[in-house]
Amino acid sequence: MRAAAVLLLLAAAPAAAEPRTWNVGRIRVTVEMEGAYPGGLLVASMRTARGFSGVQYAVLDGRRCPFFSAAGGRRALVPVPATLRPGAYTMGIELRTRRGRQRIPLKLDIRERQYPQRTVVLPDDKRSLAIHPEAVREGRKVQLLLRTETPRQLWSAPFRPPVAAEPVSSYGRPTSYVGAFPVEATTDAVHGEYHRGIDYAVPPGTAVRAPAAGTVLMAGDFAVTGRTLVIDHGQGVVSVFFHLDRLDVVSGEPVAAGTTLALSGQSGLAASPHVHWAVYVHGVAVDPRALEGLG
């Protein structure tokens with residue numbers, strides 16, 4: 001890479017929430033910075049007048065996120081783990097062609113976001129579910145589904161909450177469960193006892209609707225997560241619902257945004273009736289609200 005291009009990449013950053021743009025040769029990379037916080041989502045767009053060959057990735061915190069086709073060019077959705085410390089980072093753009101590999105370093109800052117500790121007291125009659133013989137295997141099954149990478153974008157409008165209720169402050173919070181350990185890591189076989197999604201305290205029997213279009217990857221009944229749904233939205237975005245009461249869709253079924261998926265409940269290791277909605281991007285749980293502006 002020429003020295004002039006390197007100087008462009010090391011330029012001082014603008015205000016945190018403003019998009020950042022880098023021009024390297026014939027390639028223009030823009031990163032939307034609104035989601036530059038632990039639990040957020042970076043959206044990287046790449047354009048060139050000559051078209052693209054080979055494959056392209058955005059790399060942050062050691063995780064490689066592929067670029068997929070999008071309006072006007074290529075786009076990568078880059079999750080920021082809830083456990084990532086705020087500070088200065090380098091996001092790499094990898095270009096792989098038959099001629100070799102090029103890596104473009106982009107300097108950016110991850111802003112601070114606090115996730116206070118919380119404690120959940122589990123009902124006595126449910127605590128044994130945490131050590132159910134099938135619990136570990138079921139968590140690993142969910143983890144495999146979280147790695148789904150469908151190249152095509154299946155949604156066409158921004159994500160919307162699955163129920164008409166204000167969420168409980170829960171995503172990203174380190175959580176201690178009175179009566180069982182571990183719990184969070186058992187749900188998806190991912191390390192860490194922090195809450196993966198948003199909880200909605202709604203009455204049992206509330207209709208749970210698809211936050212965006214997609215395909216049902218799994219609809220089943222698990223020990224810890226209860227009646228569980230996993231939906232593929234395409235391009236590495238997967239929604240997960242736990243503790244449902246009734247499932248109204250089946251594996252392999254396509255669903256439109258707003259389709260009734262299930263009724264809410266308290267199945268599995270749930271302390272109270274609620275809907276748990278988590279969104280994973282390339283296997284990393286992000287705050288679902290980070291996708292509410294993503295079209």
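**Close-up views of the predicted model**

**View 1. The largest nonpolar core.** The largest nonpolar core contains 34 residues, and those with the most contacts inside it are L77, L229, V237, F241, L261 and L291. Such a core is a set of buried Ala, Val, Leu, Ile, Met, Phe, Trp, Tyr and Cys residues joined through side-chain atoms within 4.5 Å; buried denotes under 20% relative accessible area, exposed over 50%, and partly exposed in between (1.4 Å probe, protein chains only). At least two core residues come from each of β3 (41–48), β12 (198–200), β15 (226–234), β16 (237–247), β18 (260–264) and β19 (275–281). β19 supplies the largest share, four residues. Strands are DSSP runs (E, at least two residues) numbered from the N terminus. This is a predicted model, in which local features need pLDDT of at least 70 and side-chain atom pairs count only at pLDDT 80 or more, whereas totals for chains, interfaces and linings use all residues. Residues are numbered from 1 along each chain as its sequence is written, and side-chain values use heavy atoms, with hydrogens and water left out.

**View 2. Surroundings of F241.** Not counting residues up to four places away in sequence, F241 touches P162, V208, P211, R227, T228, L229, I231, L261, V275, H276 and W277. Contact here means heavy atoms within 4.5 Å. A second, separate core of 25 residues includes I27, C65, I93 and I110.

**View 3. Strand β16 and its partners.** Eight of the 11 residues of β16 are buried, so this strand is largely enclosed by the rest of the structure. Strands are taken as paired if DSSP finds at least two bridges between them. β15 and β16 run antiparallel and are joined by six bridges; G234 stands opposite V237 of β16. The two strands form a hairpin with two residues between them, and Q235 in the turn has a positive phi of about 55°. β16 also pairs with β19 in the antiparallel sense, over six bridges, with F242 opposite H276 of β19. The antiparallel pairing of β16 with β18 has three bridges, and L244 has S264 of β18 as its bridge partner.

**View 4. Residues lining the largest pocket.** The lining of the largest pocket comprises 18 residues, of which I27, S53, L95, T97 and Q102 lie nearest the pocket centre. On a 1 Å grid over the protein atoms alone, a pocket is an open set of points where a 1.4 Å probe fits, with protein on both sides within 12 Å along at least five of seven lines; lining residues have an atom within 4 Å of a point. β4 (55–60), β8 (87–97) and β9 (100–110) each supply at least two lining residues.
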